[in-house]
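Here is a brief report on one protein model.

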Amino acid sequence: MEKLIVFDLDGTLIDSRLDLAGAVNYMRASMGLEPLQNERIVRMIGNGMSNLVRRAIADTTIDFNESLRRMKLFYADHLLDTTYLYEGVSAGIRELRQSGEKLAVVSNKPTAASKSILDGLGVGEYFDDIIGGDSEYPLKPEPDSILALSAKYGIPAERCWMVGDNYTDLAAGRRAGFRTVLVTYGFGDPKDEKPEFTAESFSEFMMIVRGF
């Protein structure tokens, strides 16, 4: 029976850490601030770009709106400098598509950036929907976006999956009644969420989803 599989983007399908860190440090430099270590910036990622910028300038008095504007402009031109698909993602997505599953991405990253990255990495065409953080829906962990996808395709929650590396993904899936999969190779934090399944690689996720 047909499934709906919804993926997070950053830390689930793609490793975008260096490009995001580069955009943060460009913004900080342009505002007269010292750079932050990449590892520190990675710990700030989650809950959308606005929250990333807030965290990155939390120790300053500079203007938030101008900081966000500068980061967005820079990042839009540097989406794929170092960003890449995790191992197994390209082949796995193609296999799922060929099997007739409905595939979607729901990210807290802006929609245009999400589409550009997936297209640039050669897998955008395999997704039925790509919903970003600037859509009509509230950001994850609110489940509105994934519930809308379930309704759109008429696929009940028990045949829907939410796959991600962060508590926001897992909470959204849990609240929607979806099966939840934590991918541990990403850079998110599951916090207190208890996923139904855990995968250490995309290939392991494929083994899990094939069993249902």
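Buried means under 20% relative accessible area, and exposed means over 50%. The model is predicted. R28 has 4% relative accessibility, so R28 counts as buried. D59, at 53%, is exposed. The side chains of these two residues, R28 and D59, form a salt bridge, 3.8 Å from N to O. The partners are 31 residues apart: R28 sits in helix 1 (residues 17–30), D59 in the loop between helix 3 (49–56) and helix 4 (64–76).

## Other salt bridges

The whole structure holds 15 salt bridges. E66 and R69 meet at 2.7 Å, N to O. Both lie in helix 4, three residues apart, and are thus separated by about one helical turn.

R210 and E95 pair at 2.8 Å, N to O. R210 belongs to helix 9 (residues 202–210) and E95 to helix 5 (residues 89–98), so this bridge ties together parts 115 residues apart in sequence. E95 is partly exposed, at 30%.

Six strands make an open, parallel sheet, ordered 5-4-1-6-7-8. Strand 5 (129–131) and strand 8 (197–199) are the edges; each has a single partner strand, so one side of each lacks a neighbour in the sheet. Neighbouring strands are turned by 20° on average, direction ignored.

Three bridges join strand 4 (residues 102–106) to strand 5. A104 stands opposite D129. Helix 6 (residues 111–120) lies across both strand 4 and strand 5, at about 135° to strand 5.

## Core

The largest nonpolar core has 55 residues; F7, L13, F127 and F205 touch the most other members. Apart from it lies another core of 13 residues, including L4 and I131.

How values were computed
Residues numbered from 1 in each chain as written. Predicted model: local features only at pLDDT ≥ 70, side-chain atom pairs only at ≥ 80, totals over all residues. Heavy atoms only, no water. Core = buried A, V, L, I, M, F, W, Y, C linked by side-chain atoms within 4.5 Å. Buried < 20%, exposed > 50% of the residue type's maximum accessible area, 1.4 Å probe, protein only. Pairing = 2+ DSSP bridges. Helix = DSSP H or I, 4+ residues; strand = E, 2+ residues; numbered from the N terminus. Axes fitted to C-alpha atoms, helices over the stretch in contact; angles between N-to-C directions. Contact = heavy atoms within 4.5 Å. Salt bridge = Lys/Arg side-chain N within 4 Å of Asp/Glu carboxyl O.
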